[in-house]
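Visitor: I'd like to learn how to read a sheet and its surroundings. Could you walk me through one?

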Amino acid sequence: MQIDRVETYPMLYRLPKAYGDANGYKRYRTSYLIRLITSSGIDGWGEIIDWLPTLDRGFQDRITPYLLGKQATDRLNLVDVISKWHQRSAAGVSMALTEIIAKHAGLSVCDLWGGKLHQQIPVYASFQSYWEQEDWMERSIRLVSEQISAGHKQIKVKIGGRAIAEDQKHIDQLMKAIPSDVLVAVDANQSYDLSHARFWERIFTRYPNWMWLEEPMPLDRTQEYEKLRSAIEVPIAGGENLVRCAQFLPLYQSGALDIAQPDLLHTDGIDAYRTHLQVARQFGYRVSPHSFDGSLARLYTLFAQACLPAWSKMDTDPIEPIEWDAMENPFTQLFPLQPVNGKVSIPDGVGIGIEPDWELINAMRWDGSVYV
């Protein structure tokens, strides 16, 4: 089980038209895959998110030489060392090593973890709501309507990137345009202070079909989250950028959140990520994971959610949904899965149970040119 070869696949796609959220516009989408191959021929895939030029150089110059010759079974030690150098690379390496162990045992990843509790996982279609063109509201509503027609019953849209009055006009028009049985989350990307976040109660009281308000304020303002949670009826969600479980603890202990949203790509690896899920459950919180970047990371998020005990005893609420990127992004199909009526079936094959799309990988290979 010695690691004999490390392959890297940096990929870039330039968007014909930029779209974005409160953090700014995206003009390209990227993906960085790694493939570890053992001396016995067993391979495992991992995924990392970061700026490609520095990520590729750092991985090839430091992490690849470190991994060569190591035992794939020494996963925890290898990931621990790499996390001290580059935490996001540790997340990708942990995925690849997990798949190698599962394949060596002749098991699926879920079976390696003790077996899945859910065969299907609900997903919510996640949108970037802003375009540079003046008709951005119409574009947003049209894109959401298309995904609802395709079977999605849960969606997330962005706020916080425009003046509150303009954002509220957009959301009000959207809510009137979609069926009343479609559940809606709004994500502010930490754009507000407490007083401005409370302005959204005006919109929330008009409609019953809300999932949550996501990260209205910087997440370190625990006391403000406590006050907001007591002032509005819509659940509050957040946590995509919190790396370690300890960062969630003040939010859990003070009752500042309703729904935790860890992101695998932002943690120290798949083992640490699964601990995030279990700790949230121990505190009695719902977990609806963030997974906007990365087809493979999203697949591992589905695996972890499939192995997570249900939050409640209600048959109508067996497991929380995970995020599903609904924007133009070819990399969502690197490890192709397709929702049916807003749910994704968990693959049963050995390892991750899916082969990567080599044609897409080769077509989107980054040539090393500057792209910002």
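Visitor: Which residue in β5 does Tyr19 stand opposite?

Guide: Keep in mind that this is a predicted model. As a general idea, strands of a sheet pair through backbone hydrogen bonds, either parallel or antiparallel. Here, Tyr19 stands opposite Trp131 in β5. β1, residues 3–21, pairs with β5 in the antiparallel sense, over 2 bridges.

Visitor: What is the order of the strands in the open sheet?

Guide: Read across, the 4 strands go β3-β2-β1-β5, with antiparallel pairing. The edges are β3 (43–48) and β5 (130–131), each of which pairs on one side only.

Visitor: Which strands does helix α1 lie across?

Guide: Helix α1, residues 52–67, lies across β1, β2 (24–38) and β3. Relative to β1, α1 runs at about 165°.

Visitor: And empty space? How many cavities of 30 Å³ or more does the structure hold?

Guide: Rolling a probe the size of a water molecule over the atoms shows where empty space is left. In this model there are 2 cavities of 30 Å³ or more.

Visitor: What lines the largest cavity?

Guide: Its lining includes Arg29, Thr30, Ser31, Glu47 and Arg298. By type, the lining residues divide into 2 nonpolar, 6 polar and 4 charged. β2 gives the largest share, 3 residues, and α12 (295–306) supplies at least two.

Visitor: Which strands each supply at least two residues to the lining of the second largest cavity?

Guide: Those are β2 and β3. Among the residues lining that second cavity are Thr30, Tyr32, Ile48 and Asp293, and the lining divides into 3 nonpolar, 3 polar and 2 charged residues.

Key:
Residues numbered from 1 in each chain as written. Predicted model: local features only at pLDDT ≥ 70, side-chain atom pairs only at ≥ 80, totals over all residues. Heavy atoms only, no water. Pairing = 2+ DSSP bridges. Contact = heavy atoms within 4.5 Å. Axes fitted to C-alpha atoms, helices over the stretch in contact; angles between N-to-C directions. 1 Å grid on protein atoms, 1.4 Å probe; cavity = no way out; pocket = protein on both sides within 12 Å on 5 of 7 lines; lining within 4 Å. Points joined across faces, edges and corners; volume = space filled by probe spheres on them. Nonpolar A, V, L, I, M, F, W, Y, C, P; charged D, E, K, R; others polar.
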